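This report describes a structural model of a protein. The sequence and the structure are shown first.

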Amino acid sequence: MGPSPADIDKATADILKSSFQARGIATLDRLDQDQANAACVQADISGKPLDEKLAKAVEEANMKTIRWPSDGKFLGDWKQGEAIAQSGRGLTWTDAANQPNGGNCYNCHQISKEEISFGTLGPSLYNYGKLRGVTDPASAASKPIVEYTWGKLYNARAYNACSQMPRAGHKGILTEQQLKHVMALLLDPNSPVNK
């Protein structure tokens, strides 16, 4: 009889920890899984969805982490948002800690028609605001979509317990101002995303 699944998991974790080295700003804490990560991995391995009660608890806990814009304004400059969406820099051992991170959004999403290289792990975000009826992001009618979009960018696990989307605000990948710029890219009617 071979090793148990728990033994294999421990051996794998040990191999990972011995293979990685802390260098620059990339430390070994990236290998530590929180309870939600571990549960989602186990659900994925088993091919069964995460227990509904646990999923709801994970989403509720993550919803509490969302910090809304300190000044109440959700949108910045869509042009800066495009630059952030295209940038994959940041959080690697060769990056300086004070260097602004990119969002690397195109790695998983189509956002504009002009971009010729994009991933398909996530849904297309082309016409994101337009398809959701956002003609004036400051209007009361747009508020639910604007708040949902902010929350999803800030901590996607608040809406999907096992989301693979980076928790850009919660994990400090993007600053509040950078999030505002990406919000403008997605929701500003003048952004090429919504043309």
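The sections below cover the overall architecture, the nonpolar cores, the cysteines, the salt bridges, the backbone and the surface.

## Basis of the description

The model is predicted, so local features are described only where pLDDT is at least 70 and side-chain atom pairs only at pLDDT 80 or more, while totals for chains, interfaces and linings use all residues. Residues are numbered from 1 along each chain as its sequence is written, and side-chain values use heavy atoms, with hydrogens and water left out.

## Overall architecture

The protein has seven helices and zero strands, where helices (H or I, at least four residues) and strands (E, at least two) are DSSP runs numbered from the N terminus. The order of elements from the N terminus is accordingly α-α-α-α-α-α-α. The C-alpha trace spans about 65 × 40 × 35 Å along its principal axes.

Of the 195 residues, 35% are buried; buried means under 20% relative accessible area, exposed over 50%, and partly exposed in between (1.4 Å probe, protein chains only). Among contacts with a separation of 6 or more, 58% link residues 24 or more positions apart, a contact being heavy atoms within 4.5 Å.

## Nonpolar cores

A nonpolar core is a set of buried Ala, Val, Leu, Ile, Met, Phe, Trp, Tyr and Cys residues joined through side-chain atoms within 4.5 Å. The largest one has 25 residues, and those with the most contacts inside it are Ile111, Trp150, Leu174, Leu179, Met183, Leu186 and Leu187. Helices α4 (78-86), α6 and α7 each supply at least two residues of this core, and the largest share, six residues, comes from α7. Apart from it lies another core of eight residues, including Ala39, Cys40, Ala43 and Val58.

Leaving aside neighbours within four places in sequence, Leu174 is in contact with Ile84, Asn101, Gly102, Gly103, Ala168, Gly169, Leu179 and Val182.

## Cysteines and the disulfide

With a disulfide taken as a pair of cysteine sulfur atoms within 2.5 Å, the count comes to one. Cys40 is joined to Cys162, with an S to S distance of 2.0 Å. The torsion about their S-S bond is about -85°, so the disulfide is left-handed. Because Cys40 lies in helix α2 and Cys162 in the loop between α6 (143-154) and α7 (176-187), the pair ties together parts that are 122 residues apart in sequence. Cys40 is buried, at 9% relative accessible area, whereas Cys162 is partly exposed, at 22%.

Cys105 is in no disulfide; the nearest cysteine sulfur to it, that of Cys108, is 8.7 Å away. Cys108 is likewise in no disulfide. Cys105 is buried, with a relative accessible area of 16%, and Cys108 is partly exposed, with 22%.

## Salt bridges

The structure holds seven salt bridges, each defined as a side-chain nitrogen of Lys or Arg within 4 Å of a carboxyl oxygen of Asp or Glu. Asp95 pairs with Arg89, the closest N and O atoms being 2.3 Å apart. Asp95 is buried, with a relative accessible area of 6%, while Arg89 is partly exposed at 42%.

Lys180 forms a salt bridge with Glu176, at 3.6 Å between the closest N and O atoms. Both lie in helix α7, four residues apart, about one turn of the helix. Lys180 is buried at 4% relative accessible area, and Glu176 is partly exposed at 29%. Salt bridges that share partners join Asp71, Glu176 and Lys180 into one network. Lys56 and Glu60 also meet in a salt bridge (3.9 Å, N to O); four residues apart in helix α3 (residues 52-63), they are separated by about one helical turn.

## Backbone

Most residues other than glycine have a negative phi. Asn104 has a positive phi of about 55° although it is not a glycine, and Asn127 has a positive phi of about 65°. Asn104 lies in the loop between α4 and α5 (128-131), and Asn127 is found in the loop between α4 and α5. Asn104 counts as partly exposed at 34% relative accessibility, whereas Asn127 counts as buried at 15%.

## Surface

The protein exposes about 12100 Å², of which carbon and sulfur atoms supply 55%; accessible areas come from the Shrake-Rupley method with a 1.4 Å probe, and for residues only the protein chains shown count as cover.

Leu16, Phe20 and Leu28 form a nonpolar surface patch with about 250 Å² of accessible area together. Patches are made of residues with over 30% relative accessible area and no salt bridge, like charges being joined within 9 Å and nonpolar side chains (Val, Leu, Ile, Met, Phe, Trp, Tyr) within 5 Å. Phe20 is found in the loop between α1 (5-19) and α2 (35-46) and is partly exposed, with a relative accessible area of 44%.
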